[in-house]
Amino acid sequence: MSDLNYKVIIGLEIHVQLATQSKLFCACPNRFGDEPNSNVCPVCMGSPGTLPVMNKKAYEFAVRTAMAMNCEIARYTKWDRKSYYYPDLPKNYQISQYDLPLSQNGNIEITVAGEQKKIRIRRIHLEEDAGKLLHEGNVGFSQVDLNRTGTPLMEIVTEPDLSTPEEARVFGTELRTLVRTLGVSEANMQQGQMRLEPNINLVITKDGKQYKTPIAEVKNLGSLRALERACAYEIQRQLADWEKTGVTMETGFKSTRGWDEQTGTTVLQREKEEAEDYRYFPDPDLVPVVVEKDWLDAIRKSLPELPIARRARFQTQFCFSEKDATTLVEDRATADLFEQALSLGAPVKVLCNHFISFWAMHANQRGVSIAELGVSAPRMASLAKLVGDNKINNTTAAALAEKLLTCPDDPADIAQRENLMQVSDASSLEKILDEILIANAKAVEDARTPGKKQQKAFGFILGQVMQKTRGQANPQVVNQLLQKKLAEKN
Amino acid sequence: MQITQLTAFDLLDQIKKRQLTARDAVEAFLKQIDKHEKTIGALITVLPEYARERADQIDQMLADGRDAGPLAGLPIIIKDNLCTQFAKTTCASKILIDYQPPYNAHVVEQLEKAGAIIIAKANLDEFAMGSSTENSGIKTTRNPWSTDCVPGGSSGGSAAAVAARMAPVSLGTDTGGSIRLPAAFCGISGLKPTYGRVSRYGLVAYGSSLDQIGPLGADARDIALVMNVISGHDARDTTSVPESISPKPDYLTKLDTPLKGLRIGIVKEYQSSDGIDPQIVAAIDQATKLYEQMGAQLVEVSLPHTQYAVACYYLVATAEASSNLARYDGVHFGYRTPNPEDYIDVYSSSRAEGFGDEVKRRIMLGTYALSAGYYDAYYLKALKVRMMIRQDFEKAFEQADIICAPVAPTTAFRVGEKTSDPLTMYLSDIFTISANLAGIPGISIPAGFSRDSLPIGLQLLGNYFDESTILQAAWQYQQHTDFHRQIPAGFIEQ
C-alpha cells in the first residue's frame, strides 16, 4: 500500500420536473399529490388513436435553463421514442430527445471552499415522466397511478468534471437554486421534482501504474445529502473492491446501484455488458421543432439576474457574508422579498440584520423559506424603518416580528397600540432616571468613580431604566442623560 | 330508384327536400345489412338503435326548420380502427375485442356534427395490416362481385359494404393502399387524401407517418361531399396541415370544370411492369385514351425509385408499427391473459394470445429494423429512399398535373390464394405504396371489368393537397363511363 493515490471522477445526470401548468403533451394539470389517476386523459393514458401535442411553455422553460447554463440552443430539434416495457409507461415508449437535444455544451460555475470551478454541461433535453407503481398492502397485485405520466422532465447531463462528493453536492445545490431562480421548477426533492444520478469511478495510481475502476451509476437519489453520502460511499467501496479483486473498467462491467438510506450503502442492481437497446427512432406523431431566433432573443431578455451574480451583489452591495448571501439567494422569492423591502425604504443594515437573525430563525423553525412566512415586504420594511428611525430597538423588533407572523397589522400600528414605541422624550426619561438615581446611591457612587466598577454601574443603571420603561427607553438618550446627571452632581 | 341504390348526393337531396326522412334512409340500409351481412361479412358492429335514435333527432331538427348539417341524415359506415365512444373499436384484433374508447375520433366528431349517421363499423385486416382483409381476427369479408374472392384490404369491410350498398359511403384508412386497393377490387371509388389533410386523432395507429383516413363511395362527388366534412386542420394532430399553409377547399366546386389542357402523367416504369394482368393494362390504356378525347394531354413521367417502394414501405411501416403496438400489453387496456405467471408473462402471453400472425410478423420485422446495429442499414436507409421517392414525385408534378396508374397488378384474388405467401400478398400494393411514402393523394375509380366480371380500378395520383384536381379528373371520367354505376347482382332491391 506504499505508493497509492487516486482521483475521483463524478458526472451527474439530473432530472428536474418543470413547473408548467399542464403536462408535456396534453392539457392535463401538472400537479403533485392529487387522487391517483385523477389528472389523466386519453392522451397521457396512451389510449389507442391519441396523439401528443407539444407544450411550448415546457420547451421554453428548458431553453431558459439551458441559456442560464451557457448552453448552445439548437435551432432544430425533434422528438424520439425510447422503447422499453414497464407497467408505469402506458405506451411502452417514452417520448424523449435522442441525437438532437434542445441544447448542449454549456457550463456552470460552482464555489467549493472558496475555490471557483467550472463544471461543463454536456446536454439538456426534455422528455415525459412515467407514472408510478403503488405496491400497497399485500393484495397480490400492484396499482398504477398515471398522474405523473407526461409531466415535463428536463434531463441535465454534466461532463465528468466533479472530483469530490462535496463538489457534487454543491453542484446540486447550485442547480436547485438556479431552476428556482429561473422559475422553471420548485425542485422540491421530497416530492421527486429533482432527482440525482451520479456516475462515479476512480483513477488509481499505484507504483506508477494507472487503474480505472468500473463506472457505477447510483440511481434516483432524492436529496443532496444522499448524493454526497452515496458518492463518498462509492469511493470507499470501489477502492476496497479494486484492492480485493483488481477488477478494472477493462475487465469489469458498468453497474447500476441503488442507495440504501438506512445502511448508508449502495446496493448492486445490475451489471451490464452493453448498453440496453431502446430502439430510439424519431416520433412520427410530432413534427420537428424549429426554433425562431426572435423567440430565443425574447427568452434571453426575460432571464432574471442569475444566482451567481445576485450572490456576488448581495455580498458587495449589502455586506452579507458569503454564507448568508448563499442562503438568501437560494430562494428567489426570499431574495426578491429582501430587495422589495429595501426599495420601500428599509435601512440596509437593519434589514440585513433582521433577515439573518429572526426572519431566518422563524423560517427554519417552520421549515419554510422566509418568503413563505407570510410577512409582506411593506411590513418587513416598516419594521426595519422603526428601528432605523430609533422608534424601537432591536429587542422590541424581534418581539414585534413574532407578532407579525400571526397578526396582519402594520408593525408601527402594533407598536403604537401596545405601547412599544421607544421613549426618546428626554423629559419623561429624565424623571424616571432621577427616581432610579435617588434609589441607588451606591451605583451612582460607583459610576462616578473611574475604575473596574464604573462600567458595571453604568450598565446597572441603564438596565433599571429599561426595566422601568419595559425596554422602550432609547438607550442613546438615556446614556446622554446619565452622563449629564453624573457630571452635574459631581 | 330504391333508396339503397341512391348516391349520397341524391339521398341527401331527397332528405333535404323532405321527400325522404333520415329514418327511412337508415331503415333501408339496416335492412340491406340484415339481408347481406351473413354472406359478405363486411361489418364488425352494427348500431341499429344508435342509428335510429340519431335519425329521429335529425328528422326532428329538419322538421323544426333547423340546420342539421351538410350530411344531415346520411348513413355511413366507418372502419373499426376509428375510435367511437359509443361503440367498440376492435381493429379486428382479439387484443381489442371488447375495447370501448373513452373518446371519439376527430372524423367521427366531424361526421356527427355534419349530421351523418354512423350505422356500423367495418371489418379490416387486423390493425390495418394486410391487402385482403383475411388477416382480420374476427371474420372474413367476401367480395360482393364474387364471394369466392377477397374484397382487398385493409379497408375490405368499408369497400365491400359500399359495393353491397349497405351504406352509400364509408370511411377507410390507407397506409400503403388500404383504401384504393379494396375500392378497386370492389368496383367503387376511394380516396387517400394527402398526408396531413385529415386529422389522424382517433385513428388507431399502424404506420403513423403513412396512415391517412379517406372516404369510399360510388363516385367522386360522393367522396367530395365527405371530404368537405372530414378534412381540415385539427390542433390535436400536429401533422395535420394548418389552414395558413393549405386552406381547406370546397371539394365540390371544381368537379364540373372541363379537363381541357390537363396534363396527365403516364409512368414510364409502370409500362414494363411484369406480372401485371394484361386486362388491367388494356383498361388503363382505354382510360387514358378517353382522357385524351376529353382534352387532356398525356405526358410521360419517370419515377425511377418506385421499384424500391415496397421494400422501403415494409421497413418504415413495420418500424412504426412495432412501437405503436407496444401499448397492447394486457396492462392498461384490451385483452389480458387469464393466468399470468408474473408481470413479464402478462406482457408476453397477452400479446402472444391477442395478436394474429401477420401483426406479429410485422412487429418482429419492425423491432429488428430498429435494433442497435441494424438501424442505419435498415430504417435510416429506408428514410433516405423515401426521400428519393418523394423527390421523384415532386419532379413528375412539374411536368404533369396528375398521374394515371393501375391500382393493383391483378383483380380480386380468391380467398386463401395468397395467405401462405406473405411476399406475394405484399406485392398487391406495389402501385399504391409510393403515394403513402411520398404523402401525396390518390384516388381509385372503377375503370372496367375483367373477363370473369371482376372490377378493375384506375388510380389517379395528385400533387400535395391537390385532391380537388384528382376528384375533378375522376368525376369527369365518370361523366363518360358507367362502371361506377354498376351494382353486383343480388344487391339490388327488387
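Modeller: In general, strands of a sheet pair through backbone hydrogen bonds, either parallel or antiparallel. Here, strand β4 (residues 80–83) of chain A is joined to β5(A) by four bridges, and the two run antiparallel. Two strands pair if DSSP finds at least two bridges between them; strands (E, at least two residues) and helices (H or I, at least four) are DSSP runs, numbered from the N terminus. Within this pair, A:K82 stands opposite A:Q94 in β5(A). This is a predicted model, in which local features need pLDDT of at least 70 and side-chain atom pairs count only at pLDDT 80 or more, while totals for chains, interfaces and linings use all residues. Residues are numbered from 1 along each chain as its sequence is written, and chains are lettered from A and ligands numbered from 1 in the order in which they are written.

Colleague: What is the order of the strands in the open sheet of chain A?

Modeller: The order is β5-β4-β16, three strands with antiparallel pairing. β5 (93–96) and β16 (281–282) of chain A stand at the edges with a single partner strand each, so one side of each lacks a neighbour in the sheet.

Colleague: How many helices and strands does chain A have, and how is the chain divided into domains?

Modeller: Chain A has 15 helices and 17 strands. Its radius of gyration (over C-alpha atoms) is 30 Å, well over the 23 Å that the globule rule (2.2 Å times the number of residues to the power 0.38) gives for 490 residues, so chain A is more spread out than a compact globule. The domains are domain 1 (4–290), domain 2 (305–417) and domain 3 (426–489), with bounds from an automatic or database domain assignment. In chain A, the C-alpha centres of domain 2 and domain 3 lie 33 Å apart. Their contact (C-beta atoms, placed from the backbone, within 7 Å) takes four residues from each of these two domains.

Colleague: How many residues of each chain take part in the contact between chain A and chain B?

Modeller: Chain B contributes 33 residues and chain A 23 residues. On the side of chain B that touches chain A, α10 (309–324), α11 (343–354) and α12 (357–370) of chain B each supply at least two residues. α10(B) gives the most to that side, with three residues.
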